[in-house]
Amino acid sequence: MQGLPQSSIESWPDLSLVHAPERMLLLRGDRHITGTQFLAAAHRLAALLPDRPVMPLCGDTGRFMFLFAATLLRGKHALLTSERAADRLFDLLTTHDAIAVTVEGDPDASSLPEGGIVLPDPWAWNRTTDDVPVNPSFPADRLAAIVFTSGSTGRPIGHRKSWGALVARSVAALDLLDPETESACIIGTVPPYHMYGFETLVLQSLNTRVSLSVGPSRYPADWQDQLRQAPAPRMLVTTPLQLRSLCRAGLDLPPVRRVISAAAPLDASVAADAEEMLKTEVMEIYGATEIGSAATRRTLEGPEWRLYDGIELSVTQAGATIAAPGAPAYPISDVVERTGARGFRLLGRIGDLIKLGGKRASLSALNAALNAIPGMEDGAFLPPDGERLADPAARMQVFAVAPGRTADEILHALKQHIDPIFLPRGIRMLDALPRNAVGKLTLASLRKLASNHEDEESLGAFNIPADHPCLAGHFPGMPVVPGVMMLDAGLACLANEWGDVGFPVHIRMVKFLKPVFPDETVQFLARRSDNTIWLHGRRADETVLRVVLEMKRGHEPA
């Protein structure tokens, strides 16, 4: 990495590993750790690390922080990725001559690939120490991490992050994340290995005076626990999908000074619900793995974004770039319009236009129209792949999560808002989309989802309410939807959608693969090849019913 200009280095804030180590840094239940205690544990971990770059496989933010700090103390840098597939982790580790490391008891320990190491959990160590551990100040141009993109638009790409640039960004975000006289305590629902969580949780607590409340963070009840253990003023760092889940959970929560959302566009209705429920203000961060956090806005105050101090936006006919202290100017993937010296609006995504049948549409606009349909919880359009875009018969695919709505209802609603050429032939109704830990839908996950449904036609959905009389004795204390009812529903949907298939059929095979419980939606899909029909029932992306129908003997064509 090239060195930074001397003028930049002279303006850096405190470049120590832990800012003001005498303060409280981490809270976990009734356990509190100061910066000094944190440093002592990080030094112990560093002594256990090999002399190689480290890929921390930790989903727990506290354990991740210990391991990241230990990596820097060892004189190495960290590789941060949301990948957990063994073959892809192996490729990254081999390319960077790195080692995967996790900590005992961490939820991501099961993803450790062959050759990785497991370190003791520093939370279990005695926190009493008479020694004052070294709190090094790193050079501004010291490589601290290589952070990989989520792969939402293709293959993940690594971006080098210097220590000085990361510290400067933490200080620039203070007005957003630490707005009161009393120091804030941050609670996060996002993973620490994603750039958003890395900046707002890990680095913000290391580089500024804020503390961090950590613990399990998968469900709204977990976030409630973390909020309760945190002192005021509390700052909640989350995503649109998680914020909506928290609002719907209806939990009793302590006061929250501010909610921060990023990783995906936040619908104004979700922001309004959150502000009303939590009696707070909801802010969004604009950024990306390539550039980090760059701007913020209050969702309900309009579309204008305000740049962080020190961030420079350049807009030309060739596109827009963003530069930050210690980091080079980087092109952004959005079309923007300047609104004064420090403001801008987003006009759309570069490469967002889809062309089918000689017509163009914005993919983000199509997704917005889909998710604006009443009853929609989540949904996404998937354009045809590669060369198929030029095929006149190619069509978009649509995946939808909308309990209580049918595929036909969703399709009918779309017809009111988008050009027919962009309408799918059918809607794939699911219980959930394969979003990653920060709510992103990667292109790879959508393509995989599409391949699982390739050549299948959506027929309709089936749902048995909890008060249905058939459940009283099937089974007492653990009601399960009778398989025969699910089979009858699937055959009825097939008859309604396909009508006369041209030949009498018999059932060659039926398999009930998973139990279906009350109020769970099963989506029926079918495909046909010659004289055979395959009928599937799916709950989310899980097959629960498989049926094979064949032409009755004696009716084969002559």
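How many of the eight residues of strand 29 (residues 532-539) are buried? Seven of them are, so the strand is mostly covered, where buried means under 20% relative accessible area, exposed over 50% and partly exposed in between, with a 1.4 Å probe and protein chains only. What you are looking at is a predicted model, in which local features need pLDDT of at least 70, side-chain atom pairs count only at pLDDT 80 or more, and totals for chains, interfaces and linings use all residues. Residues are numbered from 1 along each chain as its sequence is written, and side-chain values use heavy atoms, with hydrogens and water left out.

Let us stay with strand 29 and look at its partners. Strands here are DSSP runs of E with at least two residues, helices are runs of H or I with at least four, and both are numbered from the N terminus. Two strands pair if DSSP finds at least two bridges between them. Strand 28 (residues 521-529) pairs with strand 29 in the antiparallel sense over seven bridges, and R528 stands opposite I533. The hairpin of these two strands has two residues between them, and D530 takes a positive phi near 55° there. Strand 29 also pairs with strand 30 (residues 542-551), again antiparallel, over eight bridges; here T532 has E550 as its bridge partner.

Now for the aromatic rings. A pair of aromatic rings is described by the distance of the centres and the angle of the planes. Rings of Phe, Tyr and Trp (its six-membered ring) pair if their centres lie within 6.5 Å; planes under 30 degrees apart count as stacked, over 60 as edge-to-face and the rest as tilted. The whole structure holds nine aromatic pairs. One of them is F38 with F66, stacked because the centres are 4.8 Å apart and the planes at 25°. This pair links distant parts of the chain, with F38 in helix 2 (residues 35-46) and F66 in helix 3 (residues 61-73), 28 residues apart. F38 is buried at 0% relative accessible area, and F66 is buried at 0% too. Y286 and W305 make a tilted pair, since their centres are 5.7 Å apart and their planes at 55°.

F38 and F66 also form one aromatic cluster with W123. The charged end of R28 sits over the ring of W123, 5.5 Å from its centre; this term asks for NZ of Lys or CZ of Arg within 6 Å of the ring centre and within 35 degrees of the ring normal.
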